[in-house]
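Visitor: Please take a close look at one part of this structure and describe it piece by piece. Plain terms will do.

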Amino acid sequence: MNQPLMLTATQKAGPKVTAWVGGLVLLVLLAMPLLSLLPADNSFQVSAYTLTLVGKILCYAIVALALDLVWGYAGLLSLGHGLFFALGGYAMGMYLMRQASGDELPAFMTFLSWTELPWYWVGTEHFWWAMCLVVLAPGLLALVFGFFAFRSRIKGVYFSIMTQALTFAGMLLFFRNETGFGGNNGFTNFRSILGFGITEPGTRAVLFFATVMLLVISLFLGWRLARSKFGRVLTALRDAENRLMFCGYDPRGFKLFVWVLSAVLCGLAGALYVPQVGIINPGEMSPTNSIEAAVWVALGGRGTLIGPLLGAGVVNGMKSWFTVAFPEYWLFFLGALFIIVTLYLPKGVIGLLKKKDEQ
Amino acid sequence: MKRRSLIKAFTLTASIAAMGMSWTLQAAETIKVGILHSLSGTMAISETSLKDMALMTIDEINAKGGVNGKMLEAVVVDPASNWPLFAEKSRQLLTQDKVAVVFGCWTSVSRKSVLPVFEELNGLLFYPVQYEGEEMSPNVFYTGAAPNQQAIPAVEYLMSEDGGSAKRFVLLGTDYVYPRTTNKILRAFLHSKGVADKDIEEVYTPFGHSDYQTIVSNIKKFSAGGKTAVISTVNGDSNVPFYKELANQGLKATDVPVIAFSVGEEELRGIDTKPLVGNLAAWNYFESVENPVNKKFVNDWKAYAKAHNLPGADKAVTNDPMEATYVGIHMWAQAAEKAKSTDVDKVREAMAGQTFAAPSGYTLTMDKTNHHLHKPVMIGEIQDDGQFNVVWQTKEPIRAQPWSPYIPGNDKKPDYAVKSN
Amino acid sequence: MPTALYRLILACLLLLPLGAYANDANDFAAANNSEQAQLLESWAAHPTPGRVELINGLQQGQISVDGEVKTLRLNNRLRGLIDTALASHQLLAVDPKLRLNAAQQLQKSAKPAQLKFLDQQLAAETDSDVRSALSLALANLQLVDPDPAVRLAAVRLLGETGEPLARTRLENLLQPDIETDASVRTAAETSLAQVKRKLLIGDLLGQAFSGLSLGSILLLAALGLAITFGLLGVINMAHGEMLMLGAYSTYCVQLLFQRFAPGAIEFYPLLALPVAFFVTAAVGMVLERTIIRHLYGRPLETLLATWGISLILIQLVRVLFGAQNVEVANPAWLSGGLHVLPNLVLPYNRLVIIVFALAVVVLTWLLLNKTRLGLNVRAVTQNRNMAACCGVPTGRVDMLAFGLGSGIAGLGGVALSQIGNVGPDLGQGYIIDSFLVVVLGGVGQLAGTVYAAFGLGIANKILEPQIGAVLGKILILGLIILFIQKRPQGLFALKGRVID
Amino acid sequence: MRNVMLEPILDPNKDAGSSRDAISFGQRAEPGLNTRHGTILTLEGISVSFDGFKALNNLNLYIGVGELRCIIGPNGAGKTTMMDVITGKTRPSEGQAWFGETLDLRQMSEVQIAQAGIGRKFQKPTVFEALSVFENLELAQKTDKSVWASLRAKLTGEQKDRIGEVLDTIRLTHSAQRPAGLLSHGQKQFLEIGMLLMQDPQLLLLDEPVAGMTDAETEFTAELFKSLAGKHSLMVVEHDMGFVGAIADHVTVLHQGSVLAEGSLEQVQADERVIEVYLGR
């Protein structure tokens with residue numbers, strides 16, 4: 001990595017920036033669910049469309065943040081975070097499917113003539129257990145993969161490609177119908193969560209609120225990490241792993257910790273994403289999605305906390321907009337965006353804003 | 001001076017939040033109809049032509065004076081083969097653009113992804129592609145075939161003398177829900193015809209599978225045990241390598257005929273058909289059927305493709321889903337005229353029993369209750385010019401059975417559309 | 001069977017009025033499907049030279065009634081019967097080659113009704129190959145002969161073949177209370193064992209071949225990457241699109257031939273090779289100069305930028321050629337296959353691709369190890385600054401090396417266009433595999449790439465029959481991940497003092 | 001707890017140079033190191049080969065407790081490889097490597113070795129460029145270096161003072177808050193030495209420490225090392241003969257992966273073979 005300046009700068013300014021932007025955006029975001037409850041004719045009413053759209057983007061923002069923890073700070077570019085996101089989503093999805101199907105089997109199982117639930121579905125009718133899965137599934141996978149990967153010092157490009165292979169394998173596995181997760185249709189047609197109708201404005205508002213909260217919490221976490229000695233060790237690790245080892249630090253532990261943490265954050269984001277967009281399927285695990293996530297981070301500015309959030313917002317905002325405005329051409333824009341960012345904005349949008357300030 | 005930057009940052013996020021609220025400008029004198037087909041991503045290969053077909057049909061209707069005296073205005077969006085985006089876009093079409101009806105979706109997963117949205121907002125979707133059934137929503141009209149309108153007649157044909165009286169069957173498919181369900185139905189059907197399990201082989205490949213060496217040689221081995229036919233639900237992209245491998249290993253249609261449910265004129269454009277001659281496809285429409293309606297339909301399409309110089313316009317072809325789109329839009333227009341309104345509930349009522357003289361040469365009827373079209377079934381043989389030669393077809397359009405009787409438990413399902421939640 | 005009977009039948013046939021053949025055409029044209037089928041069967045049983053023309057015509061789907069040529073609506077059943085009928089007519093032909101083909105066709109499809117005729121032909125046959133082929137065809141029918149001795153002979157004969165059909169025939173014979181005669185049963189059992197052995201050999205060879213073939217394809221897909229990624233360290237996510245461009249250039253060349261040189265269409269792939277190479281190489285060099293050049297030493301950034309490039313290229317192709325696949329036809333000399341064993345066909349295009357892949361590897365190796373450019377490339381990739389000091393024009397070398405990598409990808413594209421479909425997404429399907437091959441082989445190791453490619457290909461083909469294509473692929477991915485844990489540097493790692 | 005074996009060396013009135021005071025030893029964290037026979041490092045019959053090429057060939061080397069040893073030798077003599085072996089980066093194909101009497105270096109990971117009390121300064125100065133000088137030293141500081149500890153870590157006043165002292169010693173007090181990436185080459189050298197001091201190891205491996213330093217800096221470094229010797233053991237690889245002369249009481253000459261000669265600088269320089277291979281006269 002080649003921007004020590006910017007990194008320290010943001011670390012100095014980190015708290016202030018976080019406080020400011022966090023404060024302002026937070027206000028709006030907290031207001032939105034309330035406004036969404038207004039009657040439709042009210043001019044301040046926030047439509048369900050906007051709410052779900054922003055909610056979706058917020059979930060992506062959390063993923064971006066999580067990815068930034070491992071890439072921006074620890075220098076491990078993961079091209080497999082989509083997998084953790086999807087695992088969290090699937091765990092939540094299992095619960096929602098059970099809610100929807102009541103005592104019977106989920107629909108996709110009945111018409112492929114499954115007679116009973118596979119063992120790994122046991123207990124998913126309980127919300128608390130589903131929540132445990134949301135954390136455990138991505139967490140454990142990350143733990144195992146990370147343990148082996150870091151033990152044998154896989155880093156840089158190798159690490160990226162291995163993670164990509166991992167998520168690709170995951171995608172193929174979930175595409176199989178025998179795997180018992182609805183094949184490529186995945187889970188859809190949810191009805192209720194904790195007894196509340198999934199389409200109720202109230203439920204939507206609460207889910208949105210929860211997402212905002214998770215974002216705030218993960219921001220706070222990230223901030224604390226970045227400020228702690230742990231954060232500094234990560235930065236050191238990124239820049240001179242050998243030196244760090246000869247200082248007597250064992251890099252594996254540090255990598256593993258942040259790697260698992262990031263995976264769990266992704267899982268949680270996925271769990272909030274599913275009820276809001278109303279579908280989870282293996283497409284989420286496709287390598288493309290994970291690469292896109294990396295682009296959010298790069299665009300926003302990696303090694304900073306706000307950058308990834310901006311990145312996720314901008315890219316997805318553009319996506320939603322271009323796909324209406326210029327359906328045929330939005331891939332050109334996206335592609336060009338990638339190139340321009342990597343060529344001219346190595347520090348991302350944040351870097352740009354900072355430069356402006358210094359003038 | 002950090003503050004300014006923060007305000008910038010904030011306005012950025014805010015503007016993104018606002019994105020949703022934009023695009024809501026309404027034009028009173030037009031009726032907006034949504035078109036929801038992927039124009040980018042993996043599904044663009046199939047869906048792009050449906051988008052164009054929809055636009056052509058809308059022009060055609062407008063040329064005749066529109067619906068209830070109002071012009072139709074198409075709102076095209078690109079869900080980019082991304083299933084969650086399908087849901088988002090449909091919500092946008094219904095709540096932001098306030099479209100009267102949406103024509104779109106190809107894959108089952110995209111339909112399943114938008115279904116809850118349409119049911120929640122009481123929208124109206126016309127779905128033009130053959131699918132696995134097991135669904136009947138009041139907010140969807142299915143103008144494609146249900147399994148009993150495509151798969152079962154095809155197998156009956158293969159078992160008939162003209163079809164080569166096949167005794168053994170290889171059910172080859174890409175591993176997703178449509179092939180799984182279809183093959184499940186077929187297996188049950190074959191059992192009912194007294195075919196033993198040892199004479200049925202079910203094989204699945206991953207998406208985008210491109211190496212069919214092993215599978216084809218297995219088919220060869222299997223076919224040594226008696227007259228064999230392959231029933232292929234292989235998904236679009238994998239068909240080319242599959243057929244090329246068949247040709248390479250010298251498996252001729254006279255020995256082992258392959259009947260496909262998802263290979264149409266459009267797909268054949270991408271295949272060198274000489275080695276395929278004699279292989280079969282089952283659809284409800286072929287470009288080659290001869291009748292005045294179809295002649296006009298095909299010519300209009302070719303003309304439209306030229307006029308808007310769509311890529312590959314010089315050899316533009318029509319296929320079953322295109323016809324289904326065409327029929328769907330016209331039927332909706334008729335229903336709207338009949339209801340004198342585009343209100344979803346009124347139109348839904350008016351749709352029941354609508355009839356339309358389709359390019360397939362039959363007059364298709366929208367069923368009174370089950371939201372599916374009555375469709376004829378045709379078996380076509382691939383010719384070296386990339387067209388199909390219809391070798392067999394049903395006398396009458398067949399009523400759809402979205403809840404296949406061959407799947408246990410379906411007998412309890414109601415024969416009319418009910419919200420899934 | 002009393003030969004007197006033959007003579008009688010023969011006599012009857014000869015007595016048929018010679019004018020009858022013209023009527024055959026009319027009868028056939030008039031008949032409906034099932035009647036046509038019956039006609040064909042009877043013709044197959046009692047062939048006469050005069051009818052060959054007619055049946056030849058039928059095979060082309062044409063029939064001339066009263067001078068005017070009509071096209072027929074045939075279906076597979078009729079096509080099959082026509083083939084059989086034609087075969088039994090060709091047994092009367094003068095050319096032994098024709099007779100041989102006919103006999104082999106009849107091995108598959110002869111009907112009991114033809115038994116007499118075949119028997120009599122066998123008696124008359126002089127050519128030994130045809131005799132043996134014919135006797136096999138006969139043996140298939142004789143399995144139900146009332147005379148055990150005949151059956152025994154037939155069973156023994158079938159044992160000689162490696163025909164999959166022979167196997168099922170024998171198995172059916174061995175079903176309880178089909179064959180009563182003990183001696184025939186035992187003979188059948190031994191013959192069956194023989195046949196099975198022959199078949200097994202064929203299967204194993206077939207598996208090995210398909211493994212090699214898949215390997216060669218992976219190799220072609222990954223080889224370009226082995227240079228751009230392995231040597232230059234550029235994580236070229238647009239590599240797949242280079243393959244795609246190669247395939248599309250093949251398509252364009254094919255179009256040009258159709259337009260301007262329809263005669264030479266057979267050989268368009270040969271021209272496609274250089275075209276594809278230069279097109280993709282050019283694209284590669286442009287990209288290198290404009291974008292990638294700025295990103296050396298920032299591998300992860302190149303990943304993002306090249307990903308962007310790939311998106312643009314894909315959409316560009318979609319806009320230019322349409323989202324649908326385009327048709328790339330195998331020329332005659334690349335379609336069909338080599339019949340090694342009755343149950344083992346080696347498709348020509350796959351054979352060619354294997355050879356082609358190896359040829360490309362050899363050329364690349366020579367280029368890298370025996371030429372000035374190769375020397376420069378290796379110098380630059382090992383120590384950019386040092387090379388620069390020695391007066392190596394690093395910029396140009398980078399550009400050329402990247403061009404070379406892309407060009408090779410283009411060649412791979414030509415090969416892929418011959419076995420798979422050509423569409424905008426063609427590249428996406430290969431990018432991950434390519435990376436795995438390169439990483440597995442060990443970055444910067446040409447030999448490693450070759451081993452990895454063939455290793456993966458064969459492993460894949462061994463697993464697929466056991467656990468199916470889907471699980472197979474997953475398992476392979478898992479194994480690779482584990483392997484990389486053990487050998488982070490891949491199969492062929494460079495050792496050396498740790499530099500800090 | 002204090003290290004018994006090193007007790008006598010730590011006798012305050014043994015020698016009290018001004019520079020010495022700057023380096024008051026922090027509390028010892030690592031378990032007592034058994035150096036009964038007065039040797040802190042033992043290399044016996046070490047051989048390392050890379051694809052046939054023998055980088056080290058049956059090397060024998062002993063470093064005594066509190067000794068300051070200089071290693072010289074022409075390029076490719078295996079100096080850095082030897083350091084790699086000691087620090088566990090490269091595993092010897094044969095031979096023994098002991099730290100003290102009890103710790104088998106061949107069985108230990110880099111981290112364990114570092115924690116056991118061997119510090120290394122790289123040939124090319126490597127510091128954490130993205131972090132400030134202060135933070136660099138903070139990381140190097142001898143404390144519990146586990147994940148959990150660093151999550152909760154807070155600098156005690158005592159530790160702050162310690163960092164301050166070292167900052168003084170390496171004359172970087174004024175750039176304490178600058179990112180290490182912006183330091184000059186010499187400053188980086190000092191920072192890295194400073195980090196070693198913070199780490200407070202018992203054996204310091206220094207690979208060409210004065211490369212890129214001004215004469216004054218070199219002189220100062222020499223002083224510094226001398227003062228370190230006794231309480232720490234040092235192994236210095238250096239080409240700068242002047243510097244070697246200034247600090248070395250004992251010199252080892254490596255050639256083609258094994259020890260060519262050993263003794264005082266004078267002795268070594270007098271040695272025929274050394275002149276042959278090294279001074280090349």
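Guide: In chain B, the C-alpha centres of domain 1 and domain 2 lie 29 Å apart. This is a predicted model, in which local features need pLDDT of at least 70 and side-chain atom pairs count only at pLDDT 80 or more, while totals for chains, interfaces and linings use all residues. Residues are numbered from 1 along each chain as its sequence is written, and chains are lettered from A and ligands numbered from 1 in the order in which they are written.

Domain 1 of chain B covers 30-146 + 290-375, and domain 2 covers 149-283; such bounds come from an automatic or database domain assignment. Between these domains of chain B, 16 residues of domain 1 are in contact with 13 residues of domain 2 (contact: C-beta atoms, placed from the backbone, within 7 Å). On the domain 1 side, helix H2 (residues 44-63) of chain B gives the most, with three residues. Helices (H or I, at least four residues) and strands (E, at least two) are DSSP runs, numbered from the N terminus.

Now the sheet. Seven strands of chain B form an open sheet in the order S7-S6-S8-S9-S10-S14-S15, with mixed pairing (two strands pair if DSSP finds at least two bridges between them). Strands S7 (200-205) and S15 (388-393) of chain B are at the edges with a single partner strand each, so one side of each has no neighbour in the sheet. Strand S6 (residues 168-174) of chain B runs parallel to S7(B), joined by six bridges. One of the bridge pairs is B:Gly173 with B:Tyr204 in S7(B).

Notes. Two residues are in contact if their C-beta atoms, placed from the backbone, lie within 7 Å.
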